[in-house]
Amino acid sequence: SGAWWKWLLLTGLSLSLAVSVKWVGLFVVALVGIHTIRDLWRLLGNLDLPPSALLEHFVARALCLILVPIVGYVLIFFLHLHLLPVSAPGDAFMSSDFRAGLQQRVQVEPVSSLWPGSQVALRGVHSDGWLHSHSALYPEGSRQQQMTAYLFEDHNNWFIMRHAPPAVVRSRGDGGDGDDGGSSSSHVDEGRAFRHGDLVVFEHLATEKGLYVHGFAAPVSKEDPSQFEVSANADVGHAWRLEVVTQDDEEEEEGEEVEEDGEKKEEEGADAADDDKKEEM
C-alpha cells in the first residue's frame with residue numbers, strides 16, 4: 001500500500017540522517033537491519049506467499065533501507081561542502097589537502113629565515129604527526145610532561161624557538177663554531193636569524209616547558225633500544241643542533257644511496273662468479 005511504502009521510505013531517510021549526524025548512528029542502522037532480517041525470515045516461512053511476492057518484499061527493503069540511506073548520506077555531505085566552503089575551526093580535523101581548498105583560509109607563507117622567539121610546529125619527516133604536548137605526565141621513566149605525535153592541527157603543537165643559553169651549551173659539551181657559519185659557542189648573537197649548526201632550545205608554548213630527550217626507553221616502543229623518551233620540563237630544556245637540509249641535499253643523498261646499492265650488487269655479482277669458477281675447477 002501507499003502508506004507502507006511511505007513509512008519504509010521515511011525509515012531509510014531517517015537512517016541517512018542518523019549516520020550523517022554522527023557515526024554512532026550506525027547502531028540505529030544495525031537495529032533496523034536486525035528487525036528487517038527477522039521480518040524477511042517470517043515472510044520466508046509463509047508458504048502461502050509466492051516467490052515473486054517474496055522477491056518484491058526483498059527488493060523494496062533493499063531500495064528503501066540500503067540504497068536510500070547511502071544516497072541520502074552522500075547527498076547531505078555534497079550539499080554541506082557545496083554550501084559551506086569557508087574555513088572554520090572544525091576543519092583542523094581534516095587533511096591538509098582538504099583544508100587547502102577551503103575559502104578564506106589563512107595560508108601560511110613560507111619564510112626564508114627563522115629568528116629567536118619564532119613560533120614553530122614540528123612535524124615528523126616520515127609521518128604526518130605533529131610534535132604535541134599537554135599537562136599529563138609519564139607514569140614511569142622521567143615522570144616529566146608527555147610528548148606525543150598528533151595528526152591534527154592544535155594549539156598544543158606550537159613551540160617557541162630560541163638560541164641555547166650559554167649554560168646549556170657548556171653542559172652539552174660543544175665548543176667552537178658550528179658548520180656553515182652556525183655557532184655552538186657560549187657567545188651567541190641573539191639579534192640574528194638561526195643558521196645551520198646553531199644550538200637551539202624549544203619551549204612548549206602552552207605549558208612553557210622545555211623540550212628534553214632522556215636515556216629512558218620510549219614508553220610505546222620499549223623493546224627497541226634505539227628509541228628514547230622525549231619529554232618537557234620546567235626549564236629551557238636540552239640544546240638541539242639545527243641542520244638545514246635543502247632539496248639538493250636530499251637528491252644528493254638519494255643518489256649516494258643508489259650508487260652504494262649498485263656497488264653492492266656488483267660486488268655480489270663478482271663473488272657469485274668466483275664461486276662458480278671454483279665449482280668448475
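Axes here are lines fitted to C-alpha atoms, for helices over the stretch in contact, and angles run from 0 to 180 degrees between N-to-C directions. Welcome to a predicted model, in which local features need pLDDT of at least 70 and side-chain atom pairs count only at pLDDT 80 or more, while totals for chains, interfaces and linings use all residues. Residues are numbered from 1 along each chain as its sequence is written, and side-chain values use heavy atoms, with hydrogens and water left out.

Figure 1. Helices (H or I, at least four residues) and strands (E, at least two) are DSSP runs, numbered from the N terminus. Followed along the sequence, they come in the pattern α-α-α-α-β-β-β-β-α-β-β-β-β-α. Of the 281 residues in the protein, 25% are buried; buried means under 20% relative accessible area, exposed over 50%, and partly exposed in between (1.4 Å probe, protein chains only). A contact means heavy atoms within 4.5 Å. Among contacts with a separation of 6 or more, 58% are between residues 24 or more positions apart.

**Figure 2. Helix α1 (residues 2-21) packs with helix α2 (residues 26-44).** Two packed helices are described by the angle between their axes and the distance between the axes. For this pair, the angle is about 150° and the axes are 8 Å apart. That makes α1 roughly antiparallel to α2; angles under 35 degrees count as roughly parallel, over 145 as roughly antiparallel, 65 to 115 as roughly perpendicular and the rest as oblique. Helix α1 brings T11, L15 and V19 to the contact, and α2 brings L26, V28, V29 and V32. Sorted by class, this contact has 6 nonpolar, 1 polar and no charged residues. In this sorting, Ala, Val, Leu, Ile, Met, Phe, Trp, Tyr, Cys and Pro count as nonpolar, Asp, Glu, Lys and Arg as charged, and the others, Gly among them, as polar.

**Figure 3. The two sides of helix α1.** The end C-alpha atoms of α1 are 29 Å apart, which agrees with the 28 Å that its 20 residues should span at 1.5 Å a residue. The expected span of a helix is 1.5 Å times one less than its number of residues. Which residues of α1 are buried? They are L8, G12, L15, S16, V19 and S20. These residues cover an arc of only 135° around the axis, which puts them on the same side of α1; the arc is that of the directions from the helix axis to the C-beta atoms. On the other side, G2, W7 and V21 are exposed. The cover over the buried residues of α1 includes α2 and α3 (51-83).

**Figure 4. Helix α2 and its contact with α3.** Helix α2 has 19 residues and reaches 26 Å from its first C-alpha to its last, close to the 27 Å expected at 1.5 Å a residue. Within α2, T36, D39, L40 and L43 are buried. Seen down the axis, the buried residues of α2 fall within an arc of 95°, so they line one face of the helix. That set packs against α3, while F27, I34, I37, R38, W41 and R42, on the other side of α2, are exposed. The axes of α2 and α3 come within 10 Å and cross at roughly 170°, and the two helices are therefore roughly antiparallel to each other. Their contact joins V32, T36, D39, L40, L43 and L44 of α2 with L54, H57, F58, R61 and L65 of α3. By class, the residues here divide into 7 nonpolar, 2 polar and 2 charged.

**Figure 5. H132 and N156, two residues that touch.** H132 sits in strand β2 (residues 130-137) and is buried, with a relative accessible area of 7%. Not counting residues up to four places away in sequence, H132 touches Q146, M147, T148, Y150, D154, N156 and N157. N156 lies in the loop between β3 (145-150) and β4 (158-163). Is N156 buried or exposed? At 14% relative accessibility, N156 counts as buried. With residues up to four places away again set aside, N156 touches L131, H132, S133, H204 and A206.

**Figure 6. D235, in the loop between β7 (228-233) and β8 (240-241).** D235 is partly exposed, with a relative accessible area of 34%. Leaving aside neighbours within four places in sequence, D235 is in contact with K209, G210 and Y212. D235 and K209 are 26 residues apart in sequence and 5.9 Å apart in space, C-alpha to C-alpha.
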